[in-house]
Amino acid sequence: MVRIEGVDPRMIANNLTPYKPTHPGEILKDEIEYRGLSQRKLAAQMGISPTLLNEILNGKRSVSTQYALLFEAALGIDAGPLLALQTDYDMQVAKSDKSFLERLANIRKIVAML
């Protein structure tokens, strides 16, 4: 978290939580379109099905470590930031799930009583 003296940390752009989390597939999709690549060709180059690639690009499937490394090899995009973006996406989705948050709160209550 970025801190600046005299400024509420919640008001610093780097500390804001986006309304809608960004799935790494969105960024990859933009990159593929920018480069004028076809999804079919890229999928073949990566050794995955076009359906699988499309699911990743449309945020229906996570970018795993293996997929991130495949994108790195095929597109020259570093796998680390893709994985970090996937983790951030997963965390934000989990934190917006009310039933999961209730479950966490219950666990914290139990642990606090021990």
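What follows is a short chat about salt bridges and a surface patch in a predicted model.

Modeller: Quick ground rules: since the model is predicted, local features need pLDDT of at least 70 and side-chain atom pairs count only at pLDDT 80 or more, while totals for chains, interfaces and linings use all residues. Residues are numbered from 1 along each chain as its sequence is written, and side-chain values use heavy atoms, with hydrogens and water left out.

Colleague: What makes K20 and E26 a salt bridge?

Modeller: The rule asks for a side-chain nitrogen of Lys or Arg within 4 Å of a carboxyl oxygen of Asp or Glu. K20 and E26 come in at 3.5 Å, N to O, so the pair qualifies under that rule.

Colleague: And how many salt bridges does the rule give?

Modeller: Three. Among them are E31 with R35, at 2.6 Å, and R61 with E55, at 3.0 Å.

Colleague: Why is K20 called exposed, but E26 partly exposed?

Modeller: Buried means under 20% relative accessible area, exposed over 50%, partly exposed in between (1.4 Å probe, protein chains only). K20 has 54%, so K20 is exposed; E26 has 34%, so E26 is partly exposed.

Colleague: What about E31, partly exposed or buried?

Modeller: Partly exposed, at 24% relative accessibility.

Colleague: What makes I107, I110, V111, M113 and L114 a patch?

Modeller: Patches take residues with over 30% relative accessible area and no salt bridge, joining like charges within 9 Å and nonpolar side chains (Val, Leu, Ile, Met, Phe, Trp, Tyr) within 5 Å. M113 has 68%, so M113 clears the area cut-off. Together the five form a nonpolar surface patch with about 600 Å² of accessible area (Shrake-Rupley method, 1.4 Å probe; for residues, only the protein chains shown count as cover).
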